[in-house]
Amino acid sequence: MPIPREVVAALVSVGTVFALAGTFFSPAAAPPPPETAPVASPPPSAEAEVQGVGRGEAAAATVRLLGEDGQVRVLALEEYVQGVLAAEMPASFQPAALEAQAVCARTYALSRAQSGAHAAQNADVCADPACCQGYLAQDPSGWGQDAPLYREKLRQAAQNTAGQVLRMDGQLIHAVFHASSQGATAPAQAVWGSAVPYLVSVPTPETPETVPQLESEAVFSPEEFRRRVLAAYPQADLSGPATGWLSGLERGDWGGVERVTVGGVTLTGGQLRSLLGLRSARFTPEVTDQALTFHVSGYGHGVGMSQYGAELLAREGADCPAILAHYYPGVTLEPM
Ligand SMILES: [Zn+2]
């Protein structure tokens, strides 16, 4: 598939720390889900390492997980999926949202196995969210007394979708997802430069009232902004007043910044986002001589399923297949 691996590697580098699940949508909300872009290399024609032979037999499938200690453990696939859910989505989310996430996790693991990403280590996937996808063997500490309830929810999400994966034209899809968007998701082309038929911009229901920290703000002094830009782009001319540094901002239909010129250097919205550590590329700059303020909405690269969007759709009654069909138009939910 056309998403360059090195680009993806940069985009998935936000860690997976989901120990605080359970308090979302409450006033004392935990941080939103991390950005995660589980994009695999193109599935080759070789046999998958994950040997799932059909929905009814999926429980027998296993996955070889390379742990952070360097050891490879063989897990039942659905047990692995539960550990990914614990790492990647608040267990307080609606069952249908958790099921959608389970399908994404399973699809991703299978595609990683097919691509041989960790073949050299005799593994299918690793537990490093900067490489593959997060995995928690133990209950997140933030679950507290709700741990038995949450553990059961994740078990049911895996079981209810056991063996189901997403495909288009017979190929496993790149089931990328992100925490939240506002208004619409981003098309892959705007973020990674190549169009992917099922990673197009679709409406998504998040609002500042329904998602904690959907809107954020990042403020930089002119000195700090200059330091960050010049470290990466020494050719940028930031010699004059700050009010003249940004120009040519182009916004895509989906609401995010696709291009902006900084001191004469044209960057993508994603590049400036990385440079400044903004929560998304959907930002509006406000520049004075004293400060550069970025008003940001959403969290993550914005492509594929929005986790908070999935949660809100589920609250409105959407089931798992409906959520997946919404965020990945044209794909089919099939047995492995
Ligand atoms: Zn990996």
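I looked up alanine 100 and its contacts: leaving out residues up to four places away in sequence, it touches Met305, Ala310, Cys320, Ile323 and Leu324. I note that the model is predicted.

Next I checked the largest nonpolar core. It has 78 residues. Leu65, Tyr80, Leu85, Ala100 and Ile323 touch the most other members. Another core, of 16 residues, lies apart from it; I list Phe225, Val260, Ala281 and Phe294 among its members.

Then I turned to helix H4, residues 147-160. I tested its length. At 1.5 Å a residue, its 14 residues should span 20 Å, and the end C-alpha atoms are 20 Å apart, so the two agree. Which residues of H4 are buried? I found Tyr150, Leu154, Ala157 and Ala158. Residues three or four places apart in an α-helix point the same way, because a turn takes 3.6 residues. On the other side of H4, I found Pro148, Leu149 and Glu152 exposed. The buried residues pack against helix H2 (77-88) and helix H3 (95-115).

Last, the sheet. I traced three strands in the order S5-S4-S16, open and antiparallel. Strand S5 (171-172) and strand S16 (332-335) are the edges, each pairing on one side only. S4 (residues 164-168) pairs with S5 over two bridges. Methionine 168 stands opposite glutamine 171 in S5. I also saw H3 lying across S4, S5 and S16, at about 65 degrees to S4.

Terms used
Residues are numbered from 1 along each chain as its sequence is written. This is a predicted model: local features need pLDDT of at least 70, side-chain atom pairs count only at pLDDT 80 or more; totals for chains, interfaces and linings use all residues. Helices (H or I, at least four residues) and strands (E, at least two) are DSSP runs, numbered from the N terminus. The expected span of a helix is 1.5 Å times one less than its number of residues. A residue is buried if 20 or more other C-beta atoms lie within 10 Å of its own, exposed if 12 or fewer, and partly exposed in between; C-beta atoms are placed from the backbone. Two residues are in contact if their C-beta atoms, placed from the backbone, lie within 7 Å. A nonpolar core is a set of buried Ala, Val, Leu, Ile, Met, Phe, Trp, Tyr and Cys residues joined through C-beta atoms within 7 Å. Two strands pair if DSSP finds at least two bridges between them. Axes are lines fitted to C-alpha atoms, for helices over the stretch in contact, and angles run from 0 to 180 degrees between N-to-C directions.
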